[in-house]
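Please open the structure in your viewer and keep the selection tool at hand. The tour moves from one selection to the next and says what is to be found at each stop.

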Amino acid sequence: MLNQDLSLMTARKYDVLVIGGGNAALCAALTAREAGASVLLLESSPREWRGGNSQHTRNLRCMHEAPQDVLTDAYPEEEYWQDLKKVTGGITNETLARLVIRDSSHCRDWMRRHGVHFQPSLSGTLQLSRTNAFFLGGGKALLNAYYRSAGQLGVQIRYEAPVDRLELRDRRFVAAYIGSERIEARACVVASGGFESNREWLREAWGQIDGQWIADNFLIRGTRFNMGVLLKFLIDAGADTIADPTQCHSVAIDARAPLYDGGICTRVDCVSLGIVVNKHAARFYDEGEDFWPKRYAIWGGLVARQPGQVAYSVIDAKAIGRFMPPVFPGEKAKSLPELALRLGLDERAFVSTLANYNSACRAGTFDHAVLDDCHTEDLTPPKTHWARPIDTPPFYAYALKPGITFTYLGVKVNEQAAVHFSGKASSNLFAAGEIMAGNVLGKGYTAGVGMAIGTAFGRIAGAQAAAAILEDAQRAAA
Ligand SMILES: Cc1cc2nc3c(=O)[nH]c(=O)nc-3n(C[C@H](O)[C@H](O)[C@H](O)COP(=O)(O)OP(=O)(O)OC[C@H]3O[C@@H](n4cnc5c(N)ncnc54)[C@H](O)[C@@H]3O)c2cc1C
C-alpha cells in the first residue's frame with residue numbers, strides 16, 4: 001500500500017528522478033514510490049538491454065544468525081564485517097559497511113514482495129551455500145520482477161534515455177538533461193553505475209606498459225552502457241570522490257569472451273585447482289591463497305599486470321568435475337609439452353615450471369571445501385592450499401584475460417546516501433550502487449557484496465529522496 005501521494009501536495013512534476021536502470025536504480029525507484037513519491041526512471045539502454053550489470057548477477061551476500069530458506073548455518077554480522085575488512089585491506093567505511101551488512105539480513109523479505117525468488121547455491125568451486133542467497137533465474141529474473149512491480153506501482157520508465165548532465169544549484173539537484181531536453185524533479189537518485197564500459201577512461205586510468213595501453217587488453221564482463229558520464233559530471237561539478245580509478249572488481253576470464261556482456265559463463269573457476277602461468281610460462285601468484293570466492297576478484301588485476309595482459313590456467317584430469325566449466329572448452333593435451341605447443345608457450349620453460357611446481361608439492365589431505373594442508377615448499381611464489389602435482393593426463397588450459405566487472409571510483413556519500421560537495425551533504429541528490437560502491441569497497445571484493453551495496457543504498461536513497469520532498473513540502477506549507 002502506498003503512503004499518501006506526495007506529488008499531490010505540490011505542483012505536478014516528478015518528485016523523484018532515478019537515473020539508471022539496474023538493481024540500485026530499481027530499489028530506489030520502488031522505495032521512493034512506496035513512500036508516495038511520483039517517480040520517473042531514466043535508463044540509457046534499450047528495453048532489451050535494460051538492467052546494466054545487475055542483469056548478469058546471481059546472488060546476494062546475506063548476514064543471518066541461523067539457517068534460512070536457502071542459506072545454511074549462520075553468517076553473523078561480525079564475520080561478514082571481518083571478511084569485508086580483510087578483502088578491502090581496511091579501505092572501507094565501517095559505518096556504511098555495517099549498514100549494508102545489516103540491511104542484507106532483512107532485505108530479502110522486501111525483495112520477495114516485489115517478486116524476487118531465491119534458490120539454494122549452485123555447486124562448484126564457489127563455496128557459497130552459507131553466505132550467499134541465489135536469485136532464481138539470476139539477475140535477469142530479478143530485474144524483470146522489479147520492472148514489473150515498478151510498472152504496477154506507477155513508476156514511469158523511459159528507455160534509451162541517456163542523461164548527459166545535471167543542473168545543480170548550491171549542492172542541490174535542479175534538473176537532468178538528455179541532450180536539449182530538460183527534466184526537472186524535486187530530488188534525484190543517481191544510480192548509473194561505474195565507468196567500466198568506457199574504454200578511453202580505462203586507458204587513462206591504467207596507462208601504458210612498453211608503449212601498449214594496458215586497458216586495450218581488457219574485456220568488459222557486463223553492460224556497454226556504464227560509460228561513467230554522470231560520475232565524470234559529478235566529479236567535475238565538485239562532488240567529493242572516493243577510491244582510485246584503477247581499483248575495480250576484475251576477474252580472469254576466458255580470453256575468447258566477447259568485448260561486452262560475456263557475463264558469468266566466461267569466468268574461469270579452476271585457478272585454485274591448478275597453477276597459472278604468464279606468457280613466459282612463469283607462475284606469478286599463490287593460486288591457493290584463500291577460498292576462491294574471496295580471491296577470484298583479484299585475478300583480473302593480477303593478469304592485467306602480466307606482460308601482454310594474458311595468462312594461462314593449467315589443470316589436470318583430477319580437477320575435472322570440481323569446478324563450473326566455462327562456456328568454451330579448454331585446450332586439451334595428452335602431455336605437458338603438447339599443451340605448451342597448443343598454448344603457444346615455450347615448451348622448455350613450461351615443462352620446467354610444471355616440474356618445479358610438482359616437486360614442491362607436499363602431500364596432504366586434499367579437500368577443496370576447507371583451507372587444506374596440501375601446499376608447496378621452497379617454491380616462489382608458494383601455493384598454500386590445494387597444491388597437488390599436475391601429473392594426470394589429459395591436461396587442460398584456459399587462456400585468460402582481465403575481465404573488468406565494475407570500477408570503484410565513485411562519489412562520497414553518508415548514511416543517507418547523500419552526495420557530498422566539499423564535505424557537505426546535498427539535501428536532494430543521492431547516489432546508490434556502483435557509483436558509490438567505493439565507499440564500502442576501497443579495494444578487493446567478496447562475492448555478492450555488489451548487490452548487497454546496491455540493494456541497501458538503493459533503498460536508502462529512494463527513502464531519503466521521498467523524505468526530502470516531504471520536508472520541502474512541509475516547509476513550503478508552513
Ligand atoms: C558478469 C557479472 C556478474 C556479477 N555477479 C554478481 C553477483 O552474483 N552478485 C553481486 O553482488 N554482484 C555481482 N556483480 C556486480 C553487480 O552487477 C553490481 O555490483 C551491481 O549490479 C551494481 O548495480 P548498479 O545498479 O549500481 O549498476 P548497474 O546494474 O550496472 O546499472 C547501471 C545502470 O545505469 C544505466 N546508465 C548508465 N549511465 C547512464 C546515464 N547516463 N543515463 C541513464 N542511465 C544510465 C545503465 O544502462 C544501467 O542500467 C556482477 C557483475 C557482472 C558484470
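For this tour, Ala, Val, Leu, Ile, Met, Phe, Trp, Tyr, Cys and Pro count as nonpolar, Asp, Glu, Lys and Arg count as charged, and the others, Gly among them, count as polar. Please note also that this is a predicted model.

**The ligand and its shell**

Select the ligand together with the residues around it. How many residues of this shell are nonpolar, polar and charged? The shell divides into 16 nonpolar, 24 polar and four charged residues. There are 44 residues around the ligand, and G22, G52, G222, G433 and G450 come nearest. The largest share, four residues, comes from α12.

**The whole chain**

Now zoom out and show the protein chain as a cartoon. It has 12 helices and 24 strands. The radius of gyration is 23 Å, close to the 23 Å that the globule rule gives for 478 residues, so the chain is as compact as a globular protein of that length. Along the principal axes, the C-alpha atoms fill a box of roughly 80 × 55 × 40 Å. Buried residues make up 55% of the 478 residues. Among contacts with a separation of 6 or more, 75% are between residues 24 or more positions apart.

**A buried aspartate**

Select D254, which is found in strand β15 (residues 248-254). Is D254 buried or exposed? A residue counts as buried if 20 or more other C-beta atoms lie within 10 Å of its own. D254 has 22 other C-beta atoms within 10 Å and is therefore buried. Leaving aside neighbours within four places in sequence, D254 is in contact with T266, V268, P326, F328 and Y398.

**A helix with one buried face**

Move to helix α6 (residues 199-206) and show the side chains of W201, L202 and W206, which are buried. Looking down the axis of α6, one finds that the buried residues fall within an arc of 120 degrees, so they line one face of the helix. An α-helix has 3.6 residues a turn, so residues three or four places apart point the same way. Just after α6, select G207, which takes a positive phi of about 70 degrees.

**The loop between β20 and β21**

Follow the chain to the loop between β20 (375-376) and β21, where P381 has its place. The peptide bond from T380 to P381 is cis, with omega near -10 degrees. P394 is found in the loop between β20 and β21 as well, and a cis peptide bond joins P393 and P394, with omega about 0 degrees. D378 also lies in this loop. Its phi is near 55 degrees, a positive value in a residue other than glycine. With 9 C-beta neighbours inside 10 Å, D378 counts as exposed.

**The last stop**

Finally, select D73, in the loop between β3 and α2 (77-88). What is the phi of D73? The angle is near 55 degrees, a positive value in a residue other than glycine. D73 is exposed, with 11 other C-beta atoms within 10 Å.

Notes. Residues numbered from 1 in each chain as written. Helix = DSSP H or I, 4+ residues; strand = E, 2+ residues; numbered from the N terminus. Rg over C-alpha atoms; globule rule 2.2 N^0.38 Å. Buried ≥ 20, exposed ≤ 12 C-beta atoms within 10 Å, placed from the backbone. Contact = placed C-beta atoms within 7 Å. Near = placed C-beta within 6 Å. Arc of directions from axis to C-beta.
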